[in-house]
Each structure stands twice: as structure tokens, then as C-alpha cells.
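Try each task before reading its solution.

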Amino acid sequence: MAAPTEVTAAAPGALTSAWRRVAGHAGRVALGLIFLMAGVLKALDPAEFVHQVQGYGFLAAGLAAYAAPALIVLEIALGVALLAGARPLWAGLASIALLAAFIFIEAYGLSIGRTEACGCFGAFVERTPGQVIAEDLLFAALAVLAIWGLRGWRGLAVRRAVAVTSAGALLAGGLVTASPSLPIDRYVTRLAVGRSLADLALEDRAP
């Protein structure tokens, strides 16, 4: 007599764990791309980002000239770490801390009536402080999703994680340092040969 055929199915818990892992990787990659793009856009015109940071009055002009480029390098390095899967828990927590700082700064800007925002994408995308806060809350949700979905996944080994993140930071530092000397002014600033005064929108920037 033939043995009865056994039909097996994946346990519900295993399916849930698999979908959670997929969601975690999606959050990690999406947030990594956001940080990488944001850092690169700022790095193309670091002087403008320094000006934006100085506008909040938190830092003296001399200190802002160093803090703003350092923040650009941090964003790019964090984006590289997230994309590479370098210690996802720590990268996710660092992302939340950085976004919380951005939210606090923009909330302060709202409290003093500031209408210009110093958001993730620098001067390339103009938004109000309220819009930037909403964006940063969404990005923080991606970080939470990554931490929740990748619980138990260690990612790259410590040495590789450090190597990848350090390489990202070095490349970012090189881009920030070199970009003022690169022939990209016409793409990153309105102050370019051939532009008219009307392109500067001075009526919106001066009383």
C-alpha cells in the first residue's frame, strides 16, 4: 500500500518573517539613496549650504564653514553604509538621530518665522520648513522600517563595514573639496556667465 502523499506549506511565521525582511531592505535602500542624493547635491555647491547653515544663527560663521561640509560628508557616508548593508541597526539609528536634528532645526526656523528651509536637498529643491519636517518624518519612518525589518540581520562584517563607510566618507570629502574648482557653476548656481539679473530673483531675496 502506497504511503499517503504529504502536502507541506510554508509556515505563516516564515512568510511573515520573509516579507518583513523584504520591507526592511526596501527601507534601507530607499533611505540610503535619499541620503546619498542629498549629500551629493549639497556637495556640488557647498558654499551655498554653508550660507544656509549660517542663516539659522546656531553657529558662528567660522564654525559653520567647517560644520556644513562635515555634515555633507556624514550624509554621503551614511548613504553608502545603508546601501552596502553596513551594520544596518547602527546605520538606522544614526539616520534617525540625524533626521531628528534636521527636524529640530526646521521647527526652530518655524518658531522664529523663517520661511526658507535648509532641507535634505540643499538649494536645489525649494520648500518651506513645514514641508521639510514632513519629508524628514517620512524618511525617519523608512529608518524605523529598516530597523524593524532587518532585526537579526548583521549585514557586512565589522571590518568591511568600516572600510565601505570610510571609503564613502573619503570620496565625499574629495567631492566637497574639489567641487568649487570644477566647471559646474552653470549647473549649480544662478551666478553664471550669460545669466541676467532677472534670473537671480532679487525681489524675493531683498526688501
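**Exercise 1: two helices in contact**

Task: describe how helix 2 packs on helix 3.

Solution. Step one: in this predicted model, helix 2 (residues 46–54) and helix 3 (residues 61–84) pack with axes 9 Å apart, at an angle of about 120°. Helices here are DSSP runs (H or I, at least four residues), numbered from the N terminus.

Step three: find the contact (heavy atoms within 4.5 Å). Helix 2 contributes Pro46, Phe49, Val50, Val53 and Gln54, and helix 3 contributes Ala61, Ala64, Ala65, Ala68, Pro69, Leu71 and Ile72.

**Exercise 2: a charged pair**

Task: which side chain does Lys42 meet in a salt bridge?

Solution. Step one: look for a side-chain nitrogen of Lys or Arg within 4 Å of a carboxyl oxygen of Asp or Glu. Lys42 pairs with Glu75, at 2.7 Å from N to O.

Lys42 is in helix 1 (residues 12–44) and Glu75 in helix 3, 33 residues apart.

Step three: both Lys42 and Glu75 are buried (under 20% relative accessible area, 1.4 Å probe, protein chains only).

**Exercise 3: Leu171**

Task: is Leu171 buried or exposed?

Solution. Step one: Leu171 lies in helix 6 (residues 158–178). Step two: its relative accessibility is 66%, so Leu171 counts as exposed (over 50%).

**Notes**

Residues are numbered from 1 along each chain as its sequence is written. Local features need pLDDT of at least 70, side-chain atom pairs count only at pLDDT 80 or more, totals for chains, interfaces and linings use all residues, and side-chain values use heavy atoms, leaving out hydrogens and water.

Definitions and conventions
Axes are lines fitted to C-alpha atoms, for helices over the stretch in contact, and angles run from 0 to 180 degrees between N-to-C directions.
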